[in-house]
Amino acid sequence: MTTSIDQATFHNSFVEELPGEASFDNRPRQVPGYTYSRVRPTPVSAPHLLAWSDDLGRQLGLARPPERGPAVGVLAGNLVTDSMKPFAARYGGHQFGNWAGQLGDGRAMSLGEITAPDGSSWEIQLKGAGPTPYSRRADGRAVLRSSLREFLCSEAMHYLGVPTTRALSLVATGDLVVRDMFYNGNPQQEPGAIVARVAPTFIRFGNFQIMAALNELDNLRALADYVIRRHYPELGEPGSAEVYRRWFEEICRRTAVMVAHWQTVGFVHGVMNTDNMSILGLTIDYGPYGWLEPYEPGWTPNTTDFSSYRYAYGQQPRIALWNLMALAQALTPLVGDDPQALRPSLDVYADTFNATYTQRLTQKLGLTALRSEADQALLEALPAALEAAEMDLTLFFRRLSHAAPVLVAGGSGEEAIVDDLLEAASYAAPGAEGHETMRQWLGQYAGRLRQEAGPASAIRDAMLQVNPKYVLRNYLAQQAIDAAEQEDLSVLNRLMEVLKKPYAEQPEHDDLAAKRPEWARQKPGCATLSCSS
Ligand code: AMP
Ligand code: MG
């Protein structure tokens, strides 16, 4: 049984349980003393549905809406039904390492929460539905290219098994939005769009930081208690320093697991500001993200970060820790003002990250466990070999899975399969020096693989379960955008279907699992993006 979203009952726990202001004044301003502002979405001229996530819809008990009509009205902000109390949350954050003061939902607004058939509660948020008090100088809108990227990637990450917010729909607004895509004096009109995204809550580290920064300690505590009661009930009733401490520890643990996933699938978030860090440890705010193609720790697609590479792939684990330290500082008033009280939890972050990352990498390599220092050394040598040989991270592990039985068998087949692997997954020229490093590593790895018990086919099958064939390569997203901007949704629809089963072979879609083509290497949108969206 499914309901149309315009008929669904919304609950409003955030609005009802926390202090907010209800002036409905959308003018940009500081909003001290409140955790949110009530807002009204600004209607758009001709909304129509471009994409809908069927699985998520089913999970929420929501029916796929027709292309136009009241349900799409809700998803575009044109229709606010009686049970909704839309709001924009107030938060702050560190942007690129600097405290930026109040930020807030400048172009996101939550409609409220709906209860899924399984009893779970989900907040639905529109991104691009018009200005709020937190819009500062911007317009509260979003363009199709960035909305499509958020829609596709949220869902792709979910199917990969990475903790993430979800996306329910992508709606074209029928309005044009002006953006300077690379902030280089080239403003263009672009089609506007709105994503309806879904999570248990969209609260970020920054929601707590703004309260602490302005010494709004009652709000800080109210927000923490709200999050603990609704989203961390296993910790017990909030109030004591011990519960807040254990809560922070759990945030550290979840954040570590999330980043360990990112590192092993090759996802680069692009803007790990503290306002883009979910309090639930979910990947949130898909902007100038990208997928690692040639393995390169210093890589980021975000041109806005080209002066410092703060958020490059290889930096992500330590930036998450930096962000957790900023959160710890904000939460310190809850644990008796002892600045050291939350420090041990930061070790939990490091330990959990290292353990999860190592475990995932071990599995990806088809090993049941690391048994010796030599095993540890083999794992540690892999990144340098991948980098030297400019290996495509996704293709490397997928091809390695298929190659495993041949490597186990050894002998004459081994050299040929290594040649194949380099040919299929390396961006370096044939015969490049880095290939030798990779060959040596593979030789040692093959030796180690032969020590595994069990049939080689079982090793391969287990590896295929954890090494995806399909990820949302940057140029694939751009192809879906180029087509959608010409009103052709076939590329988007095909990607959506294929990315639902990233670990399945789907041989008819082999072209989506190939090395990045040469033309995409420098192309804007494929290789480089900015925060302009
Ligand atoms: P982001 O870089 O997307 O994480 O956004 C940083 C801050 O800028 C957040 O407070 C956003 O709500 C706000 N923001 C970004 N784009 C817009 C926009 N087009 N209109 C209003 N606010 C925006
Ligand atoms: Mg953000």
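Which domains each supply at least three residues to the lining of the second largest pocket?

## Basis of the model

This is a predicted model, in which local features need pLDDT of at least 70 and side-chain atom pairs count only at pLDDT 80 or more, while totals for chains, interfaces and linings use all residues. Residues are numbered from 1 along each chain as its sequence is written, chains are lettered from A and ligands numbered from 1 in the order in which they are written, and side-chain values use heavy atoms, with hydrogens and water left out.

## The second largest pocket

Domain 2 (224–362) and domain 3 (365–533) each give at least three residues to this lining, the bounds coming from an automatic or database domain assignment. A pocket is an open set of points on a 1 Å grid over the protein atoms alone, with protein on both sides within 12 Å along at least five of seven lines, and lining residues have an atom within 4 Å of a point.

The second largest pocket holds about 330 Å³ of space, where a volume is the space filled by probe spheres set on the points, which are joined across faces, edges and corners. Its lining has 20 residues, and E296, W299, R516, R521 and A527 are the closest to its centre.

## The largest pocket

The largest pocket holds about 990 Å³, and among its 36 lining residues Q95, R107, R136, C531 and S533 lie nearest the centre.

## The cavities

Six cavities of 30 Å³ or more are present, a cavity being a set of grid points where a 1.4 Å probe fits but cannot get out. The largest cavity holds about 90 Å³, and its lining includes R145, M181, Y286 and S533.
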